[in-house]
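Thanks for coming, everyone. I have one structure to show today.

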Amino acid sequence: CSWDDPSSFLLSAHVASATGNDIRHNHAINRPPGRGLLRSGASQTRRVAMYQKWSQVDNYLIDTLIPADPLLDQVLQNNRRAGLPPIDVAANQGQLLALLVRITGARRVLEIGTLGGYSTVWMARELPEDGRLITLEYSPHHAAVARDNLRLAGVAEKVEVIEGPALDSLAAMDNPPPFDLVFIDADKPNNPRYLEWALRYARPGTLIIGDNVVRGGEVTDPGS
């Protein structure tokens, strides 16, 4: 997730719609603002106030609706201890991902952007016994942390972590069976290319979920 974007998208293989707000962790509220917040004067003040308000709403939803999960808390602690940036999906976004895997009956999931495997665990726990999740991570360090977390969560047998630039990994896939669900949450400039690969590896009815799409409203700026 990115601090300077309050939006995500959901996309089926044929139908797209805007949805939701990018969701934060309690511990991430006071992180340094992203470039989307680097404005001057009143504009910056309004933008900061907006994100603080969204954070308050998100934290209320997490505290009210998401049961405590010591294992997932441990995964986040492991990520912080390993020096990973605090940009995991938040608990209510993780719960949404898990529900989408369950609702769609997904058996094959592709995740572009692993970080420490927090979102991976949320989704992998909803897969059937013969389900498979492939997750792509650029950083070998992040991938190693993710593998430890997946073993901790008891889902390592269902998940394959592939290291390297995601576009290279996607291109290297040898005509895999179509995925039922794709979650895109990696470097944002490559989102259009990730979406192209997601559609190539989809089938009619595949659910494609993309995070950080609107980019703090910059999508309305033709020069952005």
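Read along the sequence, the order is β-β-α-α-α-β-α-β-α-β-α-β-α-β. That gives seven helices and seven strands. Helices here are DSSP runs of H or I with at least four residues, strands are runs of E with at least two, and both are numbered from the N terminus.

Some ground rules. This is a predicted model, so local features need pLDDT of at least 70 and side-chain atom pairs count only at pLDDT 80 or more, while totals for chains, interfaces and linings use all residues. Residues are numbered from 1 along each chain as its sequence is written, and side-chain values use heavy atoms, with hydrogens and water left out.

Now the totals. The protein has 224 residues, and 51% of them count as buried. Buried means under 20% relative accessible area, exposed means over 50%, and partly exposed is in between, with a 1.4 Å probe and protein chains only. The accessible surface is about 10,900 Å², with 56% of it on carbon and sulfur atoms. Those areas come from Shrake-Rupley with a 1.4 Å probe; for residues, only the protein chains shown count as cover. Next, contacts, meaning heavy atoms within 4.5 Å. Take those between residues at least 6 apart in sequence: 75% join residues at least 24 apart.

On to strand β3, residues 108-112. Five of its five residues are buried, so the strand is largely enclosed by the rest of the structure. In a regular strand, side chains alternate between the two faces of the sheet. In β3, R108, L110 and I112 lie on one side, V109 and E111 on the other, and all are buried.

What does β3 pair with? One partner is β4, residues 132-137, parallel, over five bridges. Pairing requires that DSSP finds at least two bridges between the strands. I112 stands opposite L136 in β4. The chain gets from β3 to β4 through helix α4, residues 118-124, in a right-handed β-α-β crossover. Right-handed means that, with the strands pointing away from the viewer, the path from the first strand over the helix to the second runs clockwise. β3 also pairs with β6, residues 181-184, again parallel, over four bridges. There, L110 stands opposite V182.

Last stop, K158. This lysine sits in the loop between α5 (140-153) and β5 (159-163). Is K158 buried or exposed? Buried, because its relative accessibility is 12%. Leaving aside neighbours within four places in sequence, K158 contacts A124, L127, P128, E129, G131, R132 and L133. From K158 to R125 is 33 residues in sequence and 9.0 Å in space, C-alpha to C-alpha.
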